[in-house]
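Please open the structure in a viewer and keep the selection panel at hand. The tour begins with one residue and then widens to the chain.

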Amino acid sequence: MPFVHRVRPRYAEVDAQGVVFNAHWLTYFDEACTRWFDAMGFAPAEAFFRDFDVMLVKAVLEWQGPAGFDDVVDIAVECPRVGTKSFDVRYTATVGGRGACVGTITYVSVQPGTHDSTAIPTTLRRALETDAGVSGPPGAPSPPAR
């Protein structure tokens with residue numbers, strides 16, 4: 001079952017067409033990602049500065065339907081791919097069960113405090129692979145409890 005983060009668009013986030021302005025979806029997805037890392041046991045205020053960091057390298061957004069001011073928007077977060085230095089996160093936003101926006105973001109692992117890419121740290125890799133339904137190599141330790 002995917003992690004779900006809930007947002008309620010503010011008046012200032014809705015455009016003249018009465019829907020969430022497109023750029024705000026990335027902010028919502030970033031909030032959902034932060035809470036997802038927290039739910040996996042990585043306290044963002046500590047982990048992102050001490051243990052690992054990630055940078056967005058690609059974002060694809062697909063609008064599916066409206067989300068407006070004060071709607072309840074549920075954002076399901078899943079990790080469909082884990083590579084050596086990067087991973088994808090899929091965000092599926094719905095309003096009352098109806099599709100609103102789907103985003104797929106590719107993040108690259110970087111050394112905290114730098115822009116230098118690095119292999120995804122083992123503890124993060126295990127958590128992402130568990131979320132993606134990928135099993136590690138035979139004899140690999142179990143992922144951390146979430």
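In which strand is Arg-81 found? Select residues 73-82: they form strand E3, and Arg-81 is found there. Strands are DSSP runs of E of at least two residues and helices are runs of H or I of at least four, numbered from the N terminus. The model is predicted: local features need pLDDT of at least 70, side-chain atom pairs count only at pLDDT 80 or more, and totals for chains, interfaces and linings use all residues. Residues are numbered from 1 along each chain as its sequence is written, and side-chain values use heavy atoms, with hydrogens and water left out.

Next, show the surface of Arg-81. This residue counts as partly exposed because its relative accessibility is 32%, where buried means under 20%, exposed over 50% and partly exposed in between (1.4 Å probe, protein chains only).

Now display the surroundings of Arg-81. Leaving aside residues up to four places away in sequence, Arg-81 touches Ser-86, Phe-87, Asp-88 and Thr-106; contact means heavy atoms within 4.5 Å. With Ser-86, the side chain of Arg-81 makes a polar contact of 3.0 Å (a pair of N or O atoms within 3.5 Å, one able to donate a hydrogen and the other to accept it; residues adjacent in sequence count only if both atoms are side-chain atoms). Select Ala-132 as well: its C-alpha atom is 6.5 Å from that of Arg-81, although 51 residues separate the two along the chain.

Finally, colour by secondary structure. Buried residues make up 38% of the 146 residues.
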